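Trainee: Could you walk me through this one before we move on to the next?
Mentor: Gladly, let us look at it together.

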Amino acid sequence: MLATGPIGFIGTGAITEAMVRGLLAPMPVVETVVVSPRNAAIAARLAADFPGVRIAGDNPEIVEACQTLVLAVRPQIAEEVIRPLQFRDGQRVISVIAATDRDRLLSWIGADVRLTQAIPLPFVARRAGVTAIYPPDALTAALFTAMGTTVECETRQEYDLLAAASAVMASYFGIMHRTNEWLADHGLAEQKGRAYIAPLFAELSRSAVAAVDTPFIDLSREYATKGGLNEQVFNDFETHGGTAALRTALDRVLARITG
Ligand SMILES: NC(=O)c1ccc[n+]([C@@H]2O[C@H](COP(=O)([O-])OP(=O)(O)OC[C@H]3O[C@@H](n4cnc5c(N)ncnc54)[C@H](OP(=O)(O)O)[C@@H]3O)[C@@H](O)[C@H]2O)c1
């Protein structure tokens, strides 16, 4: 059990649900979680599933009751939600709000809190997340390590770069989708394509995780026979603008993150 005291979540949406599930099951790593009443359906579901979850009456009650707080509202409403709250010096605040930098958060919080930022991914729910945090902080790292693994960033630049890298998730599924679409266009039943592609991608990722010291490009070569089919596809990807498109997309998303 981590010594956080009750953890309060401001904003009970998709990522809060994932985190609360990851923190409380199968064995709880924190004793009590207090969630805000919005979204009502998610809050009710969590309270029904876990005896350790309590639904607060409103946001000020959470800030009053908890020494550790997670800010998990959408960026568009973050200022109007955070500014009126009365934070206390020394509270620990973990913001998972995207594209909202530390200085702005601290000015809205208006107290001398210990603020860390984090980018949890939905798989924290099954304790298989990888979470970038900034700046390094032992308790925040311990919380996210209980839900998978943690990468602690020493600088804002490192953190912003990992935030940009996390934006390739939809493209990962997009490549699976486009490949399956192509198979279907050529007459393969979609279910059959899916049954083949999903485990193929899963095992490639597992191989990359297992081969810690092998550069990705070496894995790419390892999976490509000289003059073979895989080598041909990757060469086509490179020469027909695939790599250029990927780099441009990452540049553009980084520019958006850094404002
Ligand atoms: N989803 C992810 O995978 C993910 C990953 C990393 C970071 N994030 C970040 O986490 C934040 C939340 O994302 P999300 O995907 O969980 O969004 P979401 O599902 O829309 O959740 C946001 C929640 O905030 C609630 N809310 C609205 N006004 C509120 C208020 N005044 N006080 C308290 N709660 C209020 C909403 O309730 P109603 O439904 O009643 O409006 C909603 O349930 C965002 O900043 C996002 O960038 C998300």
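**Helices, core and a glycine**

Mentor: Keep in mind that this is a predicted model. To start with a pair of helices, the axes of helix α8 (residues 169–185) and helix α9 (residues 190–210) come within 9 Å and cross at roughly 145°.

Trainee: Is that crossing left-handed or right-handed?

Mentor: The crossing in which α8 passes α9 is right-handed.

Trainee: And which residues meet there?

Mentor: On the α8 side they are M176, T179, N180, L183 and A184, and these meet E190, G193, R194, I197 and F201 of α9. Sorted by class, the contact of α8 with α9 has five nonpolar, three polar and two charged residues.

Trainee: Changing topic, which residues of the largest nonpolar core touch the most other members?

Mentor: That core has 45 residues, and the ones touching the most other members are V20, V33, V35, V70, L71 and V96. Helix α1, which covers residues 14–24, gives the most to this core, contributing six residues.

Trainee: What is L71 in contact with, leaving aside its neighbours within four places in sequence?

Mentor: With those neighbours left aside, L71 has contacts to I10, G11, I82, V93, S95, V96 and I97.

Trainee: What about G8, is it buried or exposed?

Mentor: G8, which has its place in strand β1 (residues 7–10), counts as buried because it has 26 C-beta neighbours inside 10 Å, and the cut-off for buried is 20 or more.

Trainee: Which residues is G8 in contact with, beyond those within four places in sequence?

Mentor: Those contacts of G8 are V34, I62, V63, A65, C66 and L69. As for V130, 122 residues apart from G8 along the chain, the two C-alpha atoms are separated by 21 Å.

Key. Residues are numbered from 1 along each chain as its sequence is written. This is a predicted model: local features need pLDDT of at least 70, side-chain atom pairs count only at pLDDT 80 or more; totals for chains, interfaces and linings use all residues. A nonpolar core is a set of buried Ala, Val, Leu, Ile, Met, Phe, Trp, Tyr and Cys residues joined through C-beta atoms within 7 Å. A residue is buried if 20 or more other C-beta atoms lie within 10 Å of its own, exposed if 12 or fewer, and partly exposed in between; C-beta atoms are placed from the backbone. Helices (H or I, at least four residues) and strands (E, at least two) are DSSP runs, numbered from the N terminus. Two residues are in contact if their C-beta atoms, placed from the backbone, lie within 7 Å. Axes are lines fitted to C-alpha atoms, for helices over the stretch in contact, and angles run from 0 to 180 degrees between N-to-C directions. A crossing is left-handed if the near helix is turned anticlockwise from the far one by less than a right angle, and right-handed if clockwise. Ala, Val, Leu, Ile, Met, Phe, Trp, Tyr, Cys and Pro count as nonpolar, Asp, Glu, Lys and Arg as charged, and the others, Gly among them, as polar.
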